[in-house]
Amino acid sequence: MKKLISTLIVATAILSASADELRWHKTDNLPLLGKAVDDACTSGRYQRIPDSLLQTVRGGALSGLGRNSAGMALRFASNSPRIDVKWHSPFKTLMNHQTPTGSRGLDLYTLQPDGTWTFVNSARPDVNGHNTSAKVISNMEPQMREYLLYLPLYDGVDSLFIGTTPDAVFSLPSVAMPVAGKPIIMYGTSILQGGCANRAGMAHTNILERRLNREVINLGFSGNGQLDLEIARVIAAVPDPGLIVLDFVPNVNEEQIDTLMIPFFEIIRSAHPDVPFLFIEDPYFPHLRFDNAARNQVNTRNAMMKERYEKLAAKYNNLHYLSNHNIIGIDNEATVDGIHFTDLGFLRFADILEPIIRRIALPVDK
């Protein structure tokens, strides 16, 4: 009897091992959305700014943030009934106001027959280490699906593999969605980077990418959307953008608005004379109802930006402006800490931005 039980245990173990066997695929050649610079400029594929700027912008202020993969996404297709991912996070980011699935996790979406993207599941990171192997989904019908895999918002990716069942097809996507031509470039702060979405797909830049069927390049740098002219030159070098969104006010002081806003804009404008620009005010955060000093500061900086915007609009065409009126609602429920957005805040912000972007940058899109 003991021998029979032992045989059954061994057989069960063999079957379990066989069921869990996966074929791991490199992602180096998959289409990558959301990167502003050529791979030749970066030592890592999932890096947002060139190596040359990591240590030179304000003494290395972007050395880590520039390696965060916010807004980047991979496209692939597969008929595997199971999808796994394994990846290495260089920074092992853990914050007290954002979930690890948002800061360090990956988010998988699939394309529906009607051309919309739907959430499949997230890959939750190992919060105790740099390396994670996670099952995203299993037990699916083995049919070909198009996938969109969002990368971490507040960490980077040094290596990344996608796992499928051994006999499954794993291929490049068969449709070019979201469209990579005429990308929307968004520059700004921690909120724009994705703080504090519960998962990567819920950052407003990624929501807009799916809704608009257009690549969005996320150049949000937490605490560091400070109008660095080097980043203006990065934006200027992106070929043929469809729209440039400037959402920097939460990170700048009065002197920076006074001395850097117009030069930053004109560096980009000189390279893209016909591209529309959208300037966005600092949001009216919930805590401003109670913090008089913070409210006065936000009002002053927004007024300064608007004054300079009006001067630019008198000189240049195709400039647009969004006030902070009601952009995240009026119920005080859209932030995690009075400033950084929850998923509710990001959805509300995307709802405001989507029709504006369609009107000024995608007038022929349906």
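## Briefing on a predicted protein model

Among contacts in the protein (heavy atoms within 4.5 Å) between residues at least 6 apart in sequence, 79% join residues at least 24 apart. This is a predicted model, in which local features need pLDDT of at least 70, side-chain atom pairs count only at pLDDT 80 or more, and totals for chains, interfaces and linings use all residues. Residues are numbered from 1 along each chain as its sequence is written, and side-chain values use heavy atoms, with hydrogens and water left out.

**Overall form**

- The protein contains nine helices and 15 strands; helices (H or I, at least four residues) and strands (E, at least two) are DSSP runs, numbered from the N terminus.
- The C-alpha trace spans about 85 × 40 × 40 Å along its principal axes.
- The radius of gyration, taken over C-alpha atoms, is compared with a globule rule of 2.2 Å times the number of residues to the power 0.38. For 366 residues a compact globule would have a value near 21 Å, and the 22 Å of the protein agrees with this.

**Surface and charge**

- Of the 366 residues, 55% are buried; buried means under 20% relative accessible area, exposed over 50%, and partly exposed in between (1.4 Å probe, protein chains only).
- The accessible surface comes to about 15700 Å², and 53% of that belongs to carbon and sulfur atoms. Accessible areas come from the Shrake-Rupley method with a 1.4 Å probe, and for residues only the protein chains shown count as cover.
- There are 35 positive and 38 negative side chains, and the centres of the two sets lie 4 Å apart. Lys and Arg count as positive and Asp and Glu as negative, while His and the chain ends are not counted. Each charge is placed at NZ of Lys, CZ of Arg, CG of Asp or CD of Glu.

**Cis peptide bonds**

- Met177 and Pro178 are joined by a cis peptide bond with omega about -10°. Pro178 sits in the loop between β10 (170-171) and β11 (179-188).
- Another cis peptide bond links Gly195 to Cys196, with omega about 10°. Cys196 belongs to the loop between α4 (190-193) and α5 (204-212).

- Lys92 is a residue other than glycine with a positive phi, near 50°. Lys92 is in the loop between β4 (83-88) and α3 (100-103), and counts as partly exposed because its relative accessibility is 33%.
- Asn318, also not a glycine, has a positive phi of about 65°. Asn318 lies in the loop between α8 (292-315) and β15 (319-322), and its relative accessibility is 31%, so Asn318 counts as partly exposed.
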